[in-house]
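Please look at the sequence and the 3D structure shown here. A short report goes with them.

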Amino acid sequence: MGFASFAGRVFFVSIFILSAWTMFNEFGVDGGPAAKELIPKLDLAKKHISSQLHDNLPDIEVRQLVATAIALKGLGAILFVFGHGFGALLLFVYLLVSTPLLYDFYNYSPDEPQYKVLLGDFLQCVAQCGALIFFMGMKNSMPKRQLRRRAPKQKTT
């Protein structure tokens, strides 16, 4: 059971590790292609949130946002492989923040081709969030290993 659990965690986080490694290698002075893809989606989200709050949001440096995403994915994946619940929490926070921003299927009508692609990717991230919640729940429900106490020796006279 131990090896199967470890192998499952490795397969699960391979998505995050490979993605973080690619983003790190492409990260440049401007944040790389991830920042270029994120800028219009972030502007749209900021415009929507500021219209709902009736207040202007501060500017967010996209390069720092990409660096934070790399750090969350990389560190969370490494910790998750070794069974730490904090790694699962980091990956969950990354997915919780990035999924509605990156996969904005709600900005398209159902008959547009982007809608189905974005909806599929959005649902895949929701499933990953469910798997992380399941892992955290299982991790918390398992009793901690307790040391066996030795039975006291009987005195013989």
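## About the model

This is a predicted model, in which local features need pLDDT of at least 70 and side-chain atom pairs count only at pLDDT 80 or more, while totals for chains, interfaces and linings use all residues. Residues are numbered from 1 along each chain as its sequence is written, and side-chain values use heavy atoms, with hydrogens and water left out.

Helices (H or I, at least four residues) and strands (E, at least two) are DSSP runs, numbered from the N terminus. Buried means under 20% relative accessible area, exposed means over 50%, and partly exposed lies in between (1.4 Å probe, protein chains only).

## A nonpolar patch

Six residues make up a nonpolar surface patch: Phe3, Phe6, Val10, Phe11, Ile78 and Phe82. Together they have about 680 Å² of accessible area. Such areas come from the Shrake-Rupley method with a 1.4 Å probe; for residues, only the protein chains shown count as cover. Patches are made of residues with over 30% relative accessible area and no salt bridge; like charges are joined within 9 Å, and nonpolar side chains (Val, Leu, Ile, Met, Phe, Trp, Tyr) within 5 Å.

Helix H1 (residues 2–26) gives the most to this patch, with four residues. Ile78 belongs to helix H3 (residues 62–81). Ile78 counts as partly exposed because its relative accessibility is 48%. Phe82 sits in the loop between H3 and H4. Phe82 is exposed, as its relative accessible area is 59%. Phe82 and Val10 are 72 residues apart along the chain, yet their C-alpha atoms are separated by 9.0 Å.

## Three salt bridges

How many salt bridges does a search of the whole structure find? There are three. A salt bridge is a side-chain nitrogen of Lys or Arg within 4 Å of a carboxyl oxygen of Asp or Glu.

One joins Lys41 and Asp104, with 3.2 Å from N to O. This pair links distant parts of the chain, 63 residues apart: Lys41 is in helix H2 (residues 32–53), and Asp104 is in the loop between helix H4 (85–102) and helix H5 (113–141). Lys41 and Asp104 are both buried. Tyr115 lies 11 residues from Asp104 in sequence and 8.4 Å from Asp104 in space, C-alpha to C-alpha. Tyr115 is part of helix H5. Tyr115 is buried because its relative accessible area is 18%.

Another pairs Asp59 with Lys46; their closest N and O atoms are 3.3 Å apart. It too links distant parts of the chain, from Asp59 in the loop between H2 and H3 to Lys46 in helix H2, 13 residues apart. Are the two partners buried or exposed? Asp59 is exposed at 72%, whereas Lys46 counts as buried at 16% relative accessibility. The remaining bridge is between Lys36 and Asp30, with closest N and O atoms 3.5 Å apart. Lys36 counts as exposed at 57%, and Asp30 as partly exposed at 44%.

## The largest pocket

The largest pocket holds about 670 Å³ of space. On a 1 Å grid over the protein atoms alone, a pocket is an open set of points where a 1.4 Å probe fits, with protein on both sides within 12 Å along at least five of seven lines; lining residues have an atom within 4 Å of a point. Grid points are joined across faces, edges and corners, and a volume is the space filled by probe spheres set on the points.

The lining has 30 residues. Met23, Lys73, Tyr94, Ser98 and Leu102 lie nearest the centre. H1, H2, H3, H4 and H5 each supply at least two lining residues. Which helix gives the most? H4 does, with eight residues.

The lining divides into 18 nonpolar, seven polar and five charged residues. Here Ala, Val, Leu, Ile, Met, Phe, Trp, Tyr, Cys and Pro count as nonpolar, Asp, Glu, Lys and Arg as charged, and the others, Gly among them, as polar.

## Two more residues

His54 has a phi near 55°, a positive value in a residue other than glycine. His54 lies in the loop between H2 and H3. His54 counts as exposed, because its relative accessibility is 71%.

Ser51 lies in helix H2. Ser51 counts as partly exposed at 39% relative accessibility. Ser51 and Ile133 are 82 residues apart along the chain, and 32 Å separates their C-alpha atoms.
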